[in-house]
Amino acid sequence: MAIPASGPLSMTTIQTEFGGTAPISLNEYYAGGTYVPAGTSGTYGAVPSSGTISIRNFYGTTNLLPRALFAGGGNGGSATSEIYYVNPSTLGNAVFFGYLTQPGYGFGGCGSSTRGVFFNGNNYDRRETIDYVTFATTGNATFFGTSSVNSSTWSNAFNSPTRGVERMGDGGASPTAFYRYITIATTGNALTFGNSTDNMTFAFAMGSISSTTRGICAGGRRSGGFQSDVIEYVTIATTGSATSFGVLNTRNAYLGSCSTSTRGIFAGGLSGNTSPGTPINTMFYITIATTGDTTTFGNLLTVLYETAGTSSTTRGLFAGGTNGGPYPNMQYITVATTGNSVFFGTLADDTRNEGATSNVNGGT
């Protein structure tokens, strides 16, 4: 559990998160030392590895080495099964992690602090397979279970610390409009959660975010090829149908999304009320615990759709995407502020429509 991003903070809280034996002092908690992993970062940037250190450096930090995963994706007609990872608190290029059980794109990604899960996917067919990996190690994905219903692609997923929820995607002749859930620490088939709102019926290729308690889906492509502007939410710990949250600033599908525990970001996509829509680079945000419409956040480095999004406790990260051809770069934002994205690094493959998750996303 991460240290809160604001409010009172004591040495005892730091000790509880990172370990140590009383009496303790701050000079025991340099990054890369006995207790704090190298590269640990929080609300106010990186924890120092030497020199001046203060309690303020530990707001928003966690004793997990942050790891974000990007799985599968398409690159000009062919799909891949490759998984890559980065530390979202630093900068750099993606590193090979392992393989999914089968190639595809349009996976719904979610995770706990220990496991990453990828729902369904598509390789010019429709899938109902669920895969999982262990964040702390590298290696190939393992079969988790199935979605247990008519298969779909362009799924969306979000999570609490213990539960993963999928908003089913495009089911072809039988478009889907409901949610399924799993318990991340186990394996098995997904179970019935509830239905989407009337306004989201048959939508797919949405943005999805979560806090530890609430999951949100926004936008998407509706039957007939038109974009939606609807935002809806569910309470993850319960089951039941979704409730209206608000609307996006513009009708939008194939958008990237990410969140911390308090704020969600929707980025890029195909915008407009016509098919196929116009690619945009705009980002919008919401406050997850409230309801209401989105507010302008800033711009991506370029117009993009089918970009994959995930986060750390402080940063949002977007990888890949397309605007006429696959986009090879990653870019990041600081979620608590507003402003334009910044170059992060490059993907190993020029891919789009990857599944994405991290062990420090807003729901963990």
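Biologist: Why is Arg352 called partly exposed?

Modeller: Arg352 has a relative accessible area of 29%, and because buried means under 20%, exposed over 50% and partly exposed in between (1.4 Å probe, protein chains only), Arg352 is placed in the middle class. This is a predicted model, in which local features need pLDDT of at least 70 and side-chain atom pairs count only at pLDDT 80 or more, whereas totals for chains, interfaces and linings use all residues. Residues are numbered from 1 along each chain as its sequence is written, and side-chain values use heavy atoms, with hydrogens and water left out.

Biologist: What makes Glu306 buried?

Modeller: Its relative accessible area is 9%, so Glu306 counts as buried, as do 57% of the 364 residues of the protein.

Biologist: What makes the protein as compact as a globular protein of its length?

Modeller: The protein has one helix and 28 strands (DSSP runs numbered from the N terminus, H or I of at least four residues for helices and E of at least two for strands). Its radius of gyration, 19 Å, is close to the 21 Å that the globule rule gives for 364 residues, so the protein is as compact as a globular protein of that length (C-alpha atoms are used, and the rule is 2.2 Å times the number of residues to the power 0.38).

Biologist: Which residues are closest to the centre of the largest cavity?

Modeller: A cavity is a set of points on a 1 Å grid over the protein atoms alone where a 1.4 Å probe fits but cannot get out, and lining residues have an atom within 4 Å of a point. The largest cavity has a volume of about 440 Å³, and of the 37 residues that line this cavity, Asn156, Ser208, Ser257, Gly309 and Ala356 are closest to its centre. Elements giving two or more residues to this lining include β10 (156-159), β14 (207-210) and β28 (355-358).

Terms used:
On a 1 Å grid over the protein atoms alone, a cavity is a set of points where a 1.4 Å probe fits but cannot get out, and a pocket is an open set with protein on both sides within 12 Å along at least five of seven lines; lining residues have an atom within 4 Å of a point. Grid points are joined across faces, edges and corners, and a volume is the space filled by probe spheres set on the points.
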